Amino acid sequence: MGIEVVVEGLTKSFGKQNIWQDVSLTLPAGEVSVMLGPSGTGKTVFLKSIIGLLKPEQGRVLINGVDMVNSSERDIMETRKLFGLMFQDGALFGSMSLFDNIAFPLREHTRKKESEIRRIVMERIDIVGLLGAEGKLPGEISGGMRKRAGLARALVLDPQIILCDEPDSGLDPVRTAYLSQLLIDLNAQIDATMLIVTHNLDIAATVPDNMGMLFCRNLVTFGPREVLLTSDTPVVSQFLAGRREGPIGMSEEKDAATLAAEQQADTAPLPTGPRTVVPQLEPSPGMPVRQGALRRRERVMSMMGRLPEAARTAILDSYAPAAGGARA
């Protein structure tokens, strides 16, 4: 089972530029979470801060009692072994075959025999659907295959926490749909805690148990997916609708004068009222039931009284047709 990740009061700057401040959230054990946000809002910086590759100025990231911000380098390095990291571009070595790329963490961090390494690597290659391509170089395969190879490499050390940095970048909608299903199937198989950073609305709407959004140096919201998907917060509504009207500008947030001028202009208003929440993806036939989804259902039902009405309605609607299932 995956491990809970607790983020408390995290603040990160580069020089005088504040990236985000006072970010607090909990990634529930074994559940799939997504962090949304416009380009340039520090989503990748957030991922790197969780795993201890970047040092925030304030706050804590607690994993099994280890603080990835303030603990000793030795404890951080040891805890980092619990992670699998899928980089935006796959981050494969161009001169190595897919097999050797995927085997690299095992050869670097373990003392396993080559026969054992081969067994593990071929299992992971099978999971991501790359059997037969293990001898190819990264330059000989498609971008989607490189993504899956990067995911296979993230899995070889049996991680309990998986971080995916924009896994959809460079993929067409069909390949993105395949990847979304693969992530859900993977969660069903290994029950790892997963955090996906993306600005892809298809992944955001169908994959996660929980969703958050970074904007204007703050965490706008984080919680059950239905809270964000039914939110009438202007920045959330604009982002989910993919419209120009709203607080998000081309490079950063718009200033007050621009927003006021927009409101006076003869432009169509942003949609209001309840937004339809599409069903979450289920594991493929033959896959085990997602244990994270079962735990998530119990957890969300216990917090219903604290959720907005639109989110409560969406949650109850999602569970009504599948009283005995694991839909979330």
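Let's start with Phe93: its relative accessibility is 36%, so Phe93 counts as partly exposed. On the cut-offs, buried means under 20% relative accessible area, exposed means over 50%, and partly exposed lies in between, with a 1.4 Å probe and protein chains only. Phe104 is partly exposed too, with a relative accessible area of 28%.

A word on the source. This is a predicted model, where local features need pLDDT of at least 70 and side-chain atom pairs count only at pLDDT 80 or more, while totals for chains, interfaces and linings use all residues. Residues are numbered from 1 along each chain as its sequence is written, and side-chain values use heavy atoms, leaving out hydrogens and water.

Now the overall picture. The protein chain has twelve helices and ten strands. These are DSSP runs numbered from the N terminus: helices are H or I with at least four residues, strands are E with at least two. Of the 328 residues in the protein chain, 50% are buried. The accessible surface of the protein chain is about 15,500 Å², and carbon and sulfur atoms hold 52% of that. Those areas come from the Shrake-Rupley method with a 1.4 Å probe; for residues, only the protein chains shown count as cover.

Next, the aromatics. How many aromatic pairs does a search of the whole structure find? Two. Rings of Phe, Tyr and Trp (its six-membered ring) pair if their centres lie within 6.5 Å; planes under 30 degrees apart are stacked, over 60 edge-to-face, the rest tilted. Trp20 and Phe46 make an edge-to-face pair, with 5.7 Å between centres and 80° between planes. That pair links distant parts of the chain: Trp20 is in strand S2 (residues 17–27), Phe46 is in helix H1 (residues 43–50), and they are 26 residues apart. Both Trp20 and Phe46 are buried. Back to Phe93 and Phe104: their ring centres are 5.0 Å apart and their planes meet at 55°, so this pair is tilted. Phe93 is in the loop between strand S6 (83–86) and helix H3 (98–109), Phe104 is in helix H3, and eleven residues separate them.

On to helix H11, residues 291–302. H11 has twelve residues and spans 17 Å from first C-alpha to last, close to the 16 Å expected at 1.5 Å a residue. The expected span is 1.5 Å times one less than the number of residues. Gly292, Ala293, Arg296 and Val300 are buried in H11. They cover an arc of only 90° around the axis, which puts them on the same side of H11. The arc is that of the directions from the helix axis to the C-beta atoms. Turned away from that side are the exposed residues Glu298 and Ser302. The cover over the buried residues of H11 includes strand S10 (218–224), helix H8 (225–229) and helix H12 (309–319). Contact here means heavy atoms within 4.5 Å.

H12 next. Its buried residues are Ala311, Ala314, Ile315, Ser318 and Tyr319. Their arc is only 125° around the axis, which puts them on the same side of H12. Glu309 and Asp317, on the other side of H12, are exposed. H8 and H11 are among what covers the buried residues of H12.

Last, Val207. Its place is the loop between helix H7 (201–206) and strand S9 (210–215). Val207 has 0% relative accessibility, so Val207 counts as buried. Val207 and Val32 are 175 residues apart along the chain, yet their C-alpha atoms are separated by 7.4 Å.
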